[in-house]
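I opened the model today to look up strand pairing and salt bridges. My notes follow in the order I checked things.

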Amino acid sequence: MYLYGAGGHSKVISDILNSLGIEVKGVFDDKPADAKLKTMAIDSGIRVQGETFPKLDAPLIISVGDNLRRAELDAMLRINAQYGQAIHGTAIISPKATIGEGTVILQGAIVQSAAKVGRHVLVNTAASIDHDNEIGDYAHVSPHATLCGHVKVGEGTHIGAGAVVIPSIRIGKWCTIGAGTVVIRDIPDYATAVGNPAKIIKFRQPPFLEKVTI
């Protein structure tokens, strides 16, 4: 497996792969000098190498914690990349759940029956995704967050640590749900919501994806 991104999140993914007996064959980063992963050499990334970026001989995981950066890197890499997954052995995944390519599931997380988890999603430590949930691409479900049944989370949305979402709620794309927030009503696209119960405090202004510089 190859990793793209050598920040703190890459250390977590590297540990998962090592625990599964999967070799990390190489790591890429657009700023190798700033790498937090110190256990192996870091090669420059696609922003530096451009069209000379190699076609890899093993699957790749985008090991970047920021949702927007994962989305942008996927847009640049997907033509030539074959994506893998990293799912810790202590995670509980229903055989009837669907997990997308590039997705990472950490220690103690639970994904229940008929849940659909998209591409390049981060399901963090002890997060709980209940039955019939739909989690959009590039989303992040933070440590100890709880999503009850039939919840739908849009593309790129961040669910903060310890947040609770009651059944059948719809949360739009590129939202931010603050840590400890309790969501009892639907949340529209691009909203930031905090508190118990959740209150919208601001909106993100699209388009923004193409403006991000990694």
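I started with β6 and β9 (residues 110–111), which pair in the parallel sense over two bridges. Ile92 has Ile110 of β9 as its bridge partner. This is a predicted model. I then traced the whole sheet: it is open, has six strands in the order β6-β9-β12-β15-β18-β21, and pairs in parallel. Its edge strands are β6 (92–93) and β21 (182–183), each pairing on one side only.

Next I looked at β22 (residues 191–194). Two bridges join it in parallel to β20 (residues 176–177). Thr192 in β22 is the bridge partner of Thr176. With β23 (residues 199–203), β22 pairs in the antiparallel sense over four bridges. I found Ala191 opposite Phe203 in β23. The two strands, β22 and β23, form a hairpin with four residues between them. In that turn, Gly195 has a positive phi of about 100 degrees.

Then I went to the salt bridges and counted four. Lys25 and Asp57 meet at 3.2 Å, N to O. Lys25 lies in the loop between α1 and β2 and Asp57 in the loop between α2 and β4, so the pair ties together parts 32 residues apart in sequence. Lys25 is partly exposed at 38% relative accessibility; Asp57 is exposed at 58%.

Arg119 sits in the loop between β10 and β11, Asp74 in helix α3, 45 residues apart. Both Arg119 and Asp74 are buried. Glu101 also forms a salt bridge with Arg119, at 2.9 Å. Shared partners join Asp74, Arg78, Glu101 and Arg119 into one network.

Notes. Residues numbered from 1 in each chain as written. Predicted model: local features only at pLDDT ≥ 70, side-chain atom pairs only at ≥ 80, totals over all residues. Heavy atoms only, no water. Pairing = 2+ DSSP bridges. Salt bridge = Lys/Arg side-chain N within 4 Å of Asp/Glu carboxyl O. Buried < 20%, exposed > 50% of the residue type's maximum accessible area, 1.4 Å probe, protein only.
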